[in-house]
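Good morning, and thank you for coming.

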Amino acid sequence: MDVSATLRPYRQRLLAAANLLLGVVALWLFFVKTPLGQILDTFAMAYVQILDRFDGPSMAIIGAVISTPTLATITAAVCLVAVVRRRWQLAARVVVIFGGANITTQLLKSYVLGRVNYLAEWATPPSLPSGHTTAAATIAVAIIIVVPSRYRPWASAFGALWVSFVGLVIIANGWHRPSDLVAALLVTGAWATVFAPSERGRVWGGALRRYFWRAGIALSAIGVSGALVGAVIVWRAGMLTYRTTKIFDLPLSDYPGLGAVLAIAGICSIIGSVLLVMRSVDAKRQGQAVPPKTVRPVATAPTAR
């Protein structure tokens, strides 16, 4: 038995998870530890907040769903689905991913990734990664893991809509900045990468799965490009000299386009990350497609010459 070949997939998973966690650190080093990053992140949040006029009951929905009793109920319900399907291992994986990702987020936010407040108006406690986003993402991942294969692409689509909704409402209400949400998605993705099962079976929803990859990559690229454009504008406008003042003392009204660009970049980054995480979980559940059936040639009578 080739032990090295057996362990290779696990090494690949751990390496992928480590890269995702390094992404969290990179986000923290730039968007939290530098004045430029804080300005970009806060501009984006400030301009997304215009959406709060459309908030309505959305905060009530999020508050009701992302609470300890409701999360415990959802986890139990998802595990029950796995038990009914006689897939006890899936229930265990759900518990590990749910607990691991949420505990990791709280430890990183509270004890590891501190915050230096260059913008006095937003002297908030450490907020990267976002706990609400991690909870919402782990709910979506848990559902994807336990549903039967034929429903998995649609569970991924539902999860993407749910997590995107939570993220936009959180930013619109000023609870978190875009980098907080992306970091939470990376934490969830790291745990799902390690513990989501790889299974062989028929691949369903091929077109939808391809759309998730392409849209996720495209939106993430737009988000990165928008952040780079915003960084150039901020740098050339000399806004870094304002780093010890309140954000609203910055010349926001002189650069309305900057706020719009950064808001779009933040939203695209979040939705792109959501699509990639949901699709990667679905991919882990589809180890191999069922090979096509071999069609035997029909015997024919020899042709007379």
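Helices here are DSSP runs of H or I with at least four residues, and strands are runs of E with at least two, numbered from the N terminus. What you see is a predicted model, in which local features need pLDDT of at least 70, side-chain atom pairs count only at pLDDT 80 or more, and totals for chains, interfaces and linings use all residues. Residues are numbered from 1 along each chain as its sequence is written, and side-chain values use heavy atoms, with hydrogens and water left out.

I begin with confidence. The pLDDT, the predictor's confidence in each residue from 0 to 100, averages 79 over the protein, and 74% of the residues score at least 70.

On a 1 Å grid over the protein atoms alone, a cavity is a set of points where a 1.4 Å probe fits but cannot get out, while a pocket is an open set with protein on both sides within 12 Å along at least five of seven lines; lining residues have an atom within 4 Å of a point. Points are joined across faces, edges and corners, and a volume is the space filled by probe spheres set on them.

The largest pocket holds about 550 Å³. Of its 26 lining residues, those closest to the centre are Leu-27, Val-182, Val-224, Ser-269 and Ser-273. Helix H1 (3–32), helix H2 (35–48), H8, helix H9 (206–237) and helix H10 (256–284) each supply at least two lining residues. Which helix gives the largest share of this lining? That is H10, with eight residues.

One cavity reaches 30 Å³ or more. Its lining consists of Pro-153, Ser-156, Leu-208, Arg-209, Phe-212, Arg-279 and Asp-282, and H9 gives the most, three residues.

Finally, the helix pair. Helix H6 (residues 131–146) and helix H7 (residues 152–172) pack at about 170°, with axes 9 Å apart. Axes are lines fitted to C-alpha atoms, for helices over the stretch in contact, and angles run from 0 to 180 degrees between N-to-C directions. H6 and H7 are therefore roughly antiparallel, a term for angles over 145 degrees. Among the residues that meet are Ala-136 and Ile-143 in H6, and Phe-158 and Trp-162 in H7.

Conventions: Angles under 35 degrees count as roughly parallel, over 145 as roughly antiparallel, 65 to 115 as roughly perpendicular and the rest as oblique. Contact means heavy atoms within 4.5 Å.
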